[in-house]
Structure formats: C-alpha cells, structure tokens
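Hello,

Here is the structure for your set-up. My notes on its disulfides follow below.

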Amino acid sequence: STASAMEPRVVAAITVAVTLPYVLWLAYLYIHLQSGWLRPPLAITDSRPLLVVGTQSSGTNSITAELKALGLEVGHEVSDTVWSFSRDGTVSWLHGLRFLPGNAPQRSIEIMCEQSRRNMGFHPAMFRPPHGGCSYRSEWDDCWRSECASLLASEWGCAARGDCETPFETSLLQLRHPLRTAESLAVKFCARATAKAAKSAGKGAPAKGAGKGAGESAGKGAGESGGTGAGESAGTGAGTSATSTERGEARLGRPHGYLVAFLTSLWPSHFGWETHGCADTVGWFWLLYTRSMLEAKERGLIDGDYKIEEASPCEIAARAGFGAVNRSGSAYQGSIDAISGSRTPVCSC
C-alpha cells in the first residue's frame with residue numbers, strides 16, 4: 001500500500017532530523033577545538049589561566065556568564081577542552097576536589113561512583129575525555145564507574161601533591177554571604193514537608209542545643225576572608241528558640257538523599273549526615289567546603305579570594321592575567337584581545 005511504501009521514508013526523515021543537529025554540533029566542536037584549523041588545540045594537560053572554586057549556590061553560574069560576556073572561554077563545572085570551550089579557565093565547585101587534604105578515601109570513591117551524579121554537578125566527562133574510552137552515549141555504566149574511580153584518585157588532593165592533570169595559573173576562591181548561600185542551597189536540596197508534619201512539629205518539645213556547633217565554628221577561619229558575618233549570622237538564634245528551629249526544619253523537610261550521599265563521600269569523618277535536618281545539612285555543607293578551601297589558601301594552594309557581592313568580572317579577569325599584557329603566559333591571545341587588545345576593549349584591566 002501507499003502508506004507502507006512511505007514508512008521507510010518517514011523513518012529516514014525523522015532519523016536525519018534528529019541526528020543532523022547532533023552531527024553538525026560535533027563537527028563544529030571538532031573544527032574549533034581539535035582540528036587546529038582555526039587555532040591551536042589545547043590539551044587537557046596544558047595550563048589554563050584561571051580556576052575559580054566556590055561552594056554550590058555561591059554564584060558560580062552568574063560569574064561564569066559575566067566572564068563569558070567579556071569574551072573569555074570559561075567553562076562552568078567543566079575543564080575538558082577537547083569537547084568544551086574552557087581554554088581560558090573553569091568556574092566550578094567540584095574542581096575544589098584538588099584542594100581537599102590527603103587522598104580520596106576508598107569509601108568516598110565507592111559512594112561517588114556508584115551512579116551518575118550530574119544532579120550534583122559531577123561526571124568524569126566534565127574533567128577530561130575518558131581514559132578508558134567510555135561511550136558518551138551512555139550516561140553511566142561499568143566503564144564510567146571505573147573512569148570515575150580513576151579520576152577521583154588522581155584529582156582529590158592533587159594540588160598539594162603537585163600532580164594535577166590540568167594545571168591552572170591562578171586559582172581563586174569565590175565567597176558569598178553564608179546565609180544567602182544557605183538559603184539558595186535549601187531551595188535546591190530541601191524537600192518541602194507536608195502541612196500536617198509542619199503543624200505537628202510546631203507543638204513539639206524544645207530541641208536541645210539546636211543548631212549549636214555549626215554556628216559557633218562557622219565564624220572560625222571563614223570570617224577572616226570573605227565570610228563577613230559568618231559566625232554571627234549562622235549562630236544567631238541557633239540555640240535560643242528551639243521551637244522555632246523545629247518549625248523551620250519541619251517546613252524545610254529532609255535534605256534530598258543524593259545530597260546526603262554526596263556530602264558523606266566528601267567529608268566521611270563528619271558524623272550526622274544521615275540525621276541532620278536540611279538547615280543543618282546545608283549549613284555544614286557551606287562550612288566544611290569553605291573551611292577546606294580557606295585552609296588550602298593558607299597553605300598557598302589557592303592564590304586569593306573575593307566576595308562576589310563586591311568583585312567585578314573585570315577585576316577577576318585581571319587577576320588571571322587578562323590585560324593589555326599577557327601576564328600569565330598561558331592566556332589565549334584571542335581572549336586577551338577581546339578584553340583589552342586589538343578589538344574594542346571591554347575592560348580597562
């Protein structure tokens with residue numbers, strides 16, 4: 001019949017319509033990033049000018065967009081220059097793995113690699129092309145699990161060991177007010193409790209020392225550099241009104257399981273991830289991450305920090321060597337021109 005004769009054509013047309021954009025996109029990436037026809041390719045092991053780390057919800061997305069608006073090729077949560085435009089640097093919370101102390105615990109590797117963690121901004125493909133030849137068409141399988149374990153073992157603590165696969169000339173820590181960060185984290189990761197649960201929790205007995213500990217220690221270290229009000233804000237009212245604390249936790253509900261699993265893998269020695277309410281979980285998340293990065297800064301592994309509420313993208317670019325003179329020695333000339341060179345200057349760096 002006529003309908004039967006048309007079926008192969010329809011299937012072929014649909015196949016072309018679906019696959020052609022993907023093929024064209026891969027061709028575009030190959031021409032710009034790998035071929036060398038338009039500019040020299042940048043290997044995974046080649047130095048980049050800038051790495052910005054900061055906890056989730058510290059504004060890494062917005063600062064990435066602002067740096068891109070200057071003409072820089074900066075990747076968000078990605079440093080794979082083979083398949084992404086990130087030759088000028090990376091803004092990422094999880095690239096802070098390189099600044100954590102010691103080596104990756106085996107239990108941490110097992111938890112992080114048991115399944116895909118893209119919902120936490122992590123996948124081995126974000127760092128480099130797979131050494132084991134894993135297929136990008138597969139989100140997660142045994143090959144990616146093995147690649148994940150290999151990546152974590154090499155990336156975790158590599159800054160102190162001096163053997164990071166991808167070097168960066170300048171590393172900066174981005175800081176945001178801890179309460180604003182915690183609010184944003186709660187929106188992302190805290191499941192809303194039912195109205196019935198919130199109502200019953202409001203009648204409960206006062207909690208003993210609710211919120212104590214995280215608030216007290218939050219001011220240590222972080223307050224010295226960009227954590228203005230960290231200790232004061234985090235601790236204020238923490239143990240003064242247990243009933244209101246319970247009500248707040250009831251409204252927030254429990255943190256999502258994938259957040260708990262991820263934090264357990266990053267800081268396995270911290271006791272209580274499975275029992276914390278959501279407010280405590282996001283508070284400890286901010287505290288432990290910020291403290292780890294500030295300790296790395298004190299050891300000279302991170303070059304400096306800035307408050308996102310105060311720093312401009314031009315100032316950040318200048319600290320990475322993007323100015324009239326290529327001070328870093330690794331910045332791509334096209335990006336230097338975009339900011340202050342032969343093209344119309346965006347910054348007066």
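**Disulfide notes**

The link of Cys 190 and Cys 278 is left-handed, with -90° about the S-S bond. Cys 190 sits in the loop between α6 (178–189) and α7 (195–201), and Cys 278 in helix α12 (residues 278–298), so the pair ties together parts that are 88 residues apart in sequence. Its S to S distance is 1.7 Å. Both Cys 190 and Cys 278 are buried.

The terms, briefly. A disulfide is a pair of cysteine sulfur atoms within 2.5 Å. Buried means under 20% relative accessible area, exposed over 50%, and partly exposed in between (1.4 Å probe, protein chains only). Helices (H or I, at least four residues) and strands (E, at least two) are DSSP runs, numbered from the N terminus.

This is a predicted model: local features need pLDDT of at least 70, side-chain atom pairs count only at pLDDT 80 or more, and totals for chains, interfaces and linings use all residues. Residues are numbered from 1 along each chain as its sequence is written, and side-chain values use heavy atoms, with hydrogens and water left out.

The structure holds 4 disulfides. One of them joins Cys 113 to Cys 148, S to S 2.0 Å. This pair links distant parts of the chain: Cys 113 is in helix α3 (residues 106–113), Cys 148 in helix α4 (residues 142–155), 35 residues apart. The link is left-handed, at -80° about the S-S bond. Cys 113 is buried at 3% relative accessible area, and Cys 148 is buried at 0%.

Another disulfide joins Cys 158 to Cys 164, S to S 1.9 Å. That link is right-handed, at 90° about the S-S bond. Cys 158 and Cys 164 are buried.

Best wishes
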